[in-house]
Amino acid sequence: MDVAGLGDQAAFSRDPFYFPVMLVLAFLGFTGSVGIARFIAVRDRPAAGREATVEEDRSA
């Protein structure tokens, strides 16, 4: 293991912006994944007021 590499990593984690930036990135990643899941759910449901016919159910 490279001791100099550990020193650089420790110095980077002491940066005052490290924690807030990581927190914002984690939040954006979480909300983005929830948004994608909601988009897929909305995209795949039938249009409002339109009932699926028996023929459409068989073809799916």
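A nonpolar surface patch of about 1000 Å² is formed by Phe17, Tyr18, Phe19, Val21, Met22, Leu23, Val24, Leu25, Phe27 and Leu28, where patches join nonpolar side chains (Val, Leu, Ile, Met, Phe, Trp, Tyr) within 5 Å, or like charges within 9 Å, among residues with over 30% relative accessible area and no salt bridge. The model is predicted, with local features needing pLDDT of at least 70 and side-chain atom pairs counting only at pLDDT 80 or more, while totals for chains, interfaces and linings use all residues. Residues are numbered from 1 along each chain as its sequence is written, and side-chain values use heavy atoms, with hydrogens and water left out.

**Fold**
- The protein has 3 helices and 0 strands, arranged α-α-α from the N terminus, with helices (H or I, at least four residues) and strands (E, at least two) taken as DSSP runs numbered from the N terminus.

**Surface**
- The accessible surface of the protein is about 5600 Å², 67% of it belonging to carbon and sulfur atoms, as computed by the Shrake-Rupley method with a 1.4 Å probe, and for residues only the protein chains shown count as cover.
- Of the 60 residues of the protein, 0% count as buried, a class defined as under 20% relative accessible area, against over 50% for exposed and partly exposed in between (1.4 Å probe, protein chains only).
- Phenylalanine 27, a member of the patch, lies in helix H2 (residues 18-44) and counts as exposed because its relative accessibility is 52%.

**Charge pairing**
- The structure holds 1 salt bridge, meaning a side-chain nitrogen of Lys or Arg within 4 Å of a carboxyl oxygen of Asp or Glu.
- In a salt bridge, the side chain of arginine 43 meets that of aspartate 44 at 3.2 Å, N to O.
- Aspartate 44 is exposed, as its relative accessible area is 53%.
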